[in-house]
Amino acid sequence: MKKWIGGSVLVLLLLGYGYYFLGTEIEKGKVPVADGSNDYLIVLGAKIKPSGIPSLALKNRLDVAIDYLKKHEHVQVIVSGGQGDDEPATEASVMAKYLIDAGIDPLRVQLEENSTSTYENLLYSKELLPEGVNEITIISNDFHLARAKYLAKVVGLEADVVGAPTPKSVEIKSNIRERLALLKTYVVGK
């Protein structure tokens, strides 16, 4: 019985430390904050509602991207995201329309429409970059930036970031899910 209790306490301590460690990694992912020095921005996709509009998480990413692109008019943007089974269009096409409708010049917007994961977002977006460009800016929700930056390194990119706010309605769920996804990424590598 004592061994069982001791083992249970050890497991709980390890889980607590792991949760804390991954939380600090998520916080570290929010820097360095982009300052416009990179010429290419990648906005990572997220859920499209059945009505064809961005989810609140994606809308937040796009609104931050609009502000950034208006402030840094030399920056080109790649919107990245394929089409899920329950989505009426590719995430990238909906994102591009949102940006263009907000006044971003269509000539500044490229679409990557084949990805189905953060790893693929970055891998396939890299193919759209001019040869020799390996420094980018990533926009995603704040909880997602650590994993996005890690995966950017995996595909050979260096990234600074701009964090979009996470909707309060999904903040707890997103932070727990992201800790598990970050752990998987650290173990598997993508």
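**Close-up views of a predicted model**

**Figure 1. Valine 77 sits in strand β2.** This is a predicted model, in which local features need pLDDT of at least 70, side-chain atom pairs count only at pLDDT 80 or more, and totals for chains, interfaces and linings use all residues. Residues are numbered from 1 along each chain as its sequence is written, and side-chain values use heavy atoms, with hydrogens and water left out. Helices (H or I, at least four residues) and strands (E, at least two) are DSSP runs, numbered from the N terminus. Valine 77 counts as buried because its relative accessibility is 0%. Buried means under 20% relative accessible area, exposed means over 50%, and partly exposed lies in between (1.4 Å probe, protein chains only). Setting aside residues up to four places away in sequence, valine 77 touches Leu41, Val43, Leu69, Leu99, Arg108, Val109 and Gln110. Contact here means heavy atoms within 4.5 Å. Threonine 137 is 60 residues away along the chain, yet its C-alpha atom is 9.2 Å from that of valine 77.

**Figure 2. The largest nonpolar core contains 25 residues.** A nonpolar core is a set of buried Ala, Val, Leu, Ile, Met, Phe, Trp, Tyr and Cys residues joined through side-chain atoms within 4.5 Å. Leu41, Val43, Val77, Val79, Leu99 and Ile139 have the most contacts inside this core. At least two of its residues come from each of β1 (40-44), α2 (56-71), β2 (76-80), α3 (91-101) and β5 (158-164). Helix α2 gives the most, seven residues. Another core, of 16 residues, lies apart from this one; Leu145, Ala152, Leu157 and Ala159 are among its members. In soluble globular proteins, nonpolar side chains tend to be buried together.

**Figure 3. Helix α3 and its cover.** The buried residues of α3 are Glu91, Ala92, Val94, Met95, Ala96 and Leu99. Their cover includes β1, α2, β2 and β3 (109-112). Just after α3, glycine 103 takes a positive phi of about 105°.

**Figure 4. Helix α5 (residues 145-154) is mostly covered.** Seven of its 10 residues are buried. These are Leu145, Ala146, Arg147, Ala148, Lys149, Leu151 and Ala152.

**Figure 5. The largest pocket has a volume of about 780 Å³.** Grid points are joined across faces, edges and corners, and the volume is the space filled by probe spheres set on the points. The lining has 28 residues. Gly45, Ala46, Lys47, Arg61 and Arg177 lie nearest the pocket centre. Helices α2, α4 (118-126) and α6 (171-188) each supply at least two lining residues. The largest share, five residues, comes from α6. By type, the lining divides into five nonpolar, 14 polar and nine charged residues. Ala, Val, Leu, Ile, Met, Phe, Trp, Tyr, Cys and Pro count as nonpolar, Asp, Glu, Lys and Arg as charged, and the others, Gly among them, as polar.

**Figure 6. Leucine 128 lies in the loop between α4 and β4 (135-141).** Leucine 128 is partly exposed, with a relative accessible area of 31%. Beyond four places in sequence, leucine 128 touches Ile78, Gln110, Leu111 and Glu112. Leucine 128 and isoleucine 78 are 50 residues apart in sequence, but 8.0 Å apart in space, C-alpha to C-alpha.

**Figure 7. Glutamate 113 lies in the loop between β3 and α4.** Glutamate 113 counts as partly exposed because its relative accessibility is 34%. Leaving aside neighbours within four places in sequence, glutamate 113 is in contact with Gly81, Gly82, Thr90, Ala92 and Ser93. Its C-alpha atom is 8.2 Å from that of valine 79, 34 residues away along the chain.

**Figure 8. The protein chain has six helices and five strands.** Read along the sequence, the pattern is α-β-α-β-α-β-α-β-α-β-α. Buried residues make up 45% of the 190 residues. Of contacts between residues at least 6 apart in sequence, 72% join residues at least 24 apart.

Definitions and conventions:
1 Å grid on protein atoms, 1.4 Å probe; cavity = no way out; pocket = protein on both sides within 12 Å on 5 of 7 lines; lining within 4 Å.
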